[in-house]
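I opened this notebook to record what I looked up in one structure. My entries follow the order in which I went through it.

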Amino acid sequence: MKKLTLAVMAITSMAGASTAFAGDTGWYVFGAAGQTFNDNSKSTMDSWVSSIGGTGFSSSLSKGTVYNLDIGYQVDKNFAFEGGYIGSSNETYTASGGNLGMFSGSAISANVSGWNVKAVGILPVANQFSLLGKLGVSDIKETTSFTIPGLGTYSGNGSKTGVTYGIGAKYDFTEALAGRLDLDRYDIGDSTASSYVSVWTVGVAYKF
């Protein structure tokens, strides 16, 4: 009886291990939303307004929402590929008052759209919790508009292909469903000038 019990326990353990291994591979979809992190856009724009003679003005920055939708394939428990669309709503800077005169209330808005492809390293830590490391390439288009009250809106855009990288954490609620927290860096600008922007997102992945 004791041998039979041990045999059943061994088979059950192997079955559990097989189930866990099966859950380590396969296609998944991933959606997330967040904002730029530690973004110095406001101070940069304040400095620019000051550099062209602006004094005594007040300013504000309304952050946009960054979102992405990816398709991925997990090769094994330690490695995956994912890629897809990234976009954002408008981030808008407004300056008013002081000596801005007719330019008081002017606003500069920007949003991004593009794609990215990343290799993802996965480090299981405990139970269903894993740490992530990401490296890949992105192509991001930034669209900007400059609105002057009473005069209209002027638009422009630029695009940049560059290296993207990031870190993250994942918690597997089930074999199919996982929650993620990610921090990624994207190269945004054009062929003449660009800078890296940090983005944090919270998302959900569903494995087929």
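Below are my entries, from the whole chain down to single residues.

**Entry 1: the whole chain**

I noted at the outset that this is a predicted model. I began with the elements. The chain has two helices and ten strands. I then read their order from the N terminus: α-β-α-β-β-β-β-β-β-β-β-β. Next I looked up burial. The chain has 208 residues, and 34% of them are buried.

**Entry 2: helix α2**

I turned to α2, which spans 41–51. Which residues of α2 are buried? I found Met45, Asp46 and Val49. They lie on the same side of α2, because they cover an arc of only 105° around the axis. I then asked what covers the buried residues of α2. The cover includes β2 (57–62), β5 and β6. After α2 comes Gly53, with a positive phi near 105°.

**Entry 3**

I followed the chain through two hairpins. β7 and β8 form one of them, with three residues between the strands. Gly150 sits in that turn, and its phi is positive, about 85°. How many bridges pair β7 and β8? I found 20 bridges, and the pairing is antiparallel. As one example, Leu132 has Gly168 in β8 as its bridge partner.

β8 and β9 form a hairpin as well, with four residues between them. Their pairing is antiparallel, over eight bridges. Here Gly166 stands opposite Asp184 in β9.

I stopped at Asn127, in the loop between β6 and β7. Most residues other than glycine have a negative phi. Asn127 has a positive phi, near 50°, and is not a glycine. Is Asn127 buried or exposed? Asn127 is exposed, with a relative accessible area of 78%.

**Entry 3: the largest pocket**

I looked up the largest pocket next. Its volume is about 920 Å³. The pocket is lined by 39 residues, and Ser41, Glu91, Ala110, Glu142 and Val197 are the closest to its centre. I listed the elements that give two or more residues to this lining: α2, β4 (79–88), β5 (91–97), β6 (106–126), β7 (129–148), β8 (152–172), β9 (177–189) and β10 (194–207). Which element gives the largest share of the lining? That is β10, with six residues. By class, I counted 16 nonpolar, 18 polar and five charged residues in the pocket lining.

**Entry 4: the cavity**

A search of the whole structure finds one cavity of 30 Å³ or more. The largest cavity has a volume of about 80 Å³. Its lining has 14 residues, and those nearest the centre are Asn68, Lys118, Asp184, Tyr186 and Thr201. Two or more lining residues come from each of β3 (66–76), β4, β9 and β10. β9 gives the most, four residues. What classes make up the lining of the largest cavity? I noted five nonpolar, two polar and seven charged residues.

**Entry 5: Lys118**

Lys118 is in strand β6. Is Lys118 buried or exposed? Residues under 20% relative accessible area count as buried. Lys118 has 3% relative accessibility, so it counts as buried.

I then looked up what Lys118 touches. I left aside its neighbours within four places in sequence. The contacts are Ala80, Phe81, Glu82, Lys134, Leu135, Gly136, Thr164, Asp184 and Tyr186. I checked one of these, Leu135, by distance. Lys118 and Leu135 are 17 residues apart in sequence, and their C-alpha atoms are 5.3 Å apart in space.

Technical notes: Residues are numbered from 1 along each chain as its sequence is written. This is a predicted model: local features need pLDDT of at least 70, side-chain atom pairs count only at pLDDT 80 or more; totals for chains, interfaces and linings use all residues. Side-chain values use heavy atoms; hydrogens and water are left out. On a 1 Å grid over the protein atoms alone, a cavity is a set of points where a 1.4 Å probe fits but cannot get out, and a pocket is an open set with protein on both sides within 12 Å along at least five of seven lines; lining residues have an atom within 4 Å of a point. Grid points are joined across faces, edges and corners, and a volume is the space filled by probe spheres set on the points. Ala, Val, Leu, Ile, Met, Phe, Trp, Tyr, Cys and Pro count as nonpolar, Asp, Glu, Lys and Arg as charged, and the others, Gly among them, as polar. Buried means under 20% relative accessible area, exposed over 50%, partly exposed in between (1.4 Å probe, protein chains only). The arc is that of the directions from the helix axis to the C-beta atoms. Contact means heavy atoms within 4.5 Å. Two strands pair if DSSP finds at least two bridges between them.
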